[in-house]
Amino acid sequence: QALSFNGTTQYVDLKELFADIRNDTFGSFSLWVKPVNGFPILEFNGPGGYFSIEWYKANQSATFAISGGGTPISCTTSTGSLPANVYSHLVISQDGTKFKIYINGVEQTNLTYWANSNPGAWFSFVTGSITNSRLGATVEGSSQYFLNGAIDDLRYYKKALSSDDVA
């Protein structure tokens, strides 16, 4: 059963998950998401940096970003690749040398990178403590943002999923 988020107050705390994967240098997140409004899908953040998967309604795309407290490593999928009000299968995978984004089994090859584009970063890149680990919400300074939509079948794999695994 999917988790529904109301866009104003609901989220799931994932601190225990982050403790288990904190030192991983590769791995994959897989989930089904039906975004309606808002942007946070999954985020781990704190003084040591952040790891986030976000959705942007304006261009209906997904963004993956990670920071070790400095310039973020980030990429965005093409416009329209993650539509509103529709379930899409989203996978972020890292093999230790680069990360990949898949939507509905298709590798997104037309990624827009901004800032730093270090393709080898994963959780071990985030230094220091993580104070917020949330599904469906994010904290930026004193502000909180919430997803309006649904997330189903969130999974973390301690390996990089291949295109065959995702299809």
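Residues are numbered from 1 along each chain as its sequence is written, and side-chain values use heavy atoms, with hydrogens and water left out. As this is a predicted model, local features need pLDDT of at least 70 and side-chain atom pairs count only at pLDDT 80 or more, while totals for chains, interfaces and linings use all residues.

Reader: Why is Ser28 called buried?
Author: Buried means under 20% relative accessible area, exposed over 50%, partly exposed in between (1.4 Å probe, protein chains only). Ser28 has 0%, so it is buried. You'll find Ser28 in strand S3, residues 27-37.

Reader: What makes the link between the side chains of Ser28 and Ser93 a polar contact?
Author: The term covers a pair of N or O atoms within 3.5 Å; within protein, one must be able to donate a hydrogen and the other to accept it, and residues adjacent in sequence count only if both atoms are side-chain atoms. Ser28 and Ser93 are joined at 2.9 Å.

Reader: How do you know that S9 and S10 pair?
Author: DSSP must find at least two bridges between two strands. Strand S9 (residues 99-103) and S10 have two, in the antiparallel sense. Tyr102 is bridged to Glu107 in S10.

Reader: And why does S10 stand at an edge?
Author: The open sheet runs S1-S15-S3-S8-S9-S10. S10 (106-107) and S1 (3-6) each have a single partner strand, so one side of each lacks a neighbour in the sheet.

Reader: Why does Asn104 count as partly exposed?
Author: Its relative accessibility is 44%, so it gets that label. Asn104 sits in the loop between S9 and S10, with a positive phi of about 50° although it isn't a glycine.

Terms used:
Helices (H or I, at least four residues) and strands (E, at least two) are DSSP runs, numbered from the N terminus.
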